[in-house]
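Please read this briefing beside the sequence and the model, following each topic in turn. The points below are grouped by topic.

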Amino acid sequence: AADILSEELREGTRTLDEADLPEAAAILYRYQRAAEEGAAKLNLRLLAAVFAGQTTQKSIAADDFLYLADILAPLKREEVILLGTFLKLHPRHGEVKPPRDVYAEVVAELVPAVFESGADFRATAGALLRTGLLVANVPPTTYGSGGNGLYYESTNLLFRLNGLADIEGVVHRSDAATNQTW
């Protein structure tokens with residue numbers, strides 16, 4: 001856990017100041033608790049990346065970290081990959097893409113590469129609703145049309161998290177450290 005934290009802090013461009021220490025102490029305590037509770041290395045790397053992002057942005061806030069830690073520590077690897085893929089395929093500057101199209105692209109990229117079936121993908125996306133990082137939507141329909149079905153999309157919380165810790169980058173660094181691929 002200490003090695004992972006050191007690696008992620010080295011990714012940043014700022015060191016801690018004395019004024020940061022009270023907030024950093026609470027963050028490090030929560031990080032250590034996650035390690036003691038058996039959080040996976042990927043999850044520890046995510047937590048460390050959030051802390052490193054806070055130091056880089058000069059926004060070290062224990063309450064924000066603690067909130068995100070409670071979301072990130074229990075995530076399964078497939079959930080992290082799904083979130084990273086949503087972010088990777090999200091429209092970039094000036095690009096317009098309907099959320100349902102992004103959802104379809106995420107499904108196409110991850111089924112069957114990560115998830116055996118669409119049902120497995122939807123189960124994982126549905127499980128992520130508990131985090132507030134994804135939201136489920138039903139397209140507006142006219143009476144009797146039957147609709148086009150449920151789809152998932154990213155939330156502002158996911159974008160805020162990614163601003164602190166590039167999720168896709170964290171997954172790649174974790175994979176490189178463990179010689180794992182999806």
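Helix 5 and helix 7 (residues 118–127) pack at an angle of about 85°, with their axes 10 Å apart, where axes are lines fitted to C-alpha atoms, for helices over the stretch in contact, and angles run from 0 to 180 degrees between N-to-C directions. The two helices, helix 5 and helix 7, are therefore roughly perpendicular to each other, a term that covers angles of 65 to 115 degrees. This is a predicted model, in which local features need pLDDT of at least 70, side-chain atom pairs count only at pLDDT 80 or more, and totals for chains, interfaces and linings use all residues. Residues are numbered from 1 along each chain as its sequence is written, and side-chain values use heavy atoms, with hydrogens and water left out.

- Helix 5 contributes Glu78, Glu79, Leu82 and Phe86 to the contact, and helix 7 contributes Phe121, Thr124, Ala125 and Ala127, contact meaning heavy atoms within 4.5 Å.
- Of the residues in this contact, five are nonpolar, one is polar and two are charged.

**Helix 5 itself**
- Because eleven of its 13 residues are buried, helix 5 is largely enclosed by the rest of the structure; buried means under 20% relative accessible area, with a 1.4 Å probe and protein chains only.
- Among the buried residues of helix 5 are Glu79, Leu82 and Phe86.

**Ser174**
- Ser174 lies in helix 9 (residues 167–178), and at 5% relative accessibility it counts as buried.
- Leaving aside neighbours within four places in sequence, Ser174 is in contact with Leu42 and Arg45.

Terms used: Buried means under 20% relative accessible area, exposed over 50%, partly exposed in between (1.4 Å probe, protein chains only). Helices (H or I, at least four residues) and strands (E, at least two) are DSSP runs, numbered from the N terminus. Angles under 35 degrees count as roughly parallel, over 145 as roughly antiparallel, 65 to 115 as roughly perpendicular and the rest as oblique. Ala, Val, Leu, Ile, Met, Phe, Trp, Tyr, Cys and Pro count as nonpolar, Asp, Glu, Lys and Arg as charged, and the others, Gly among them, as polar.
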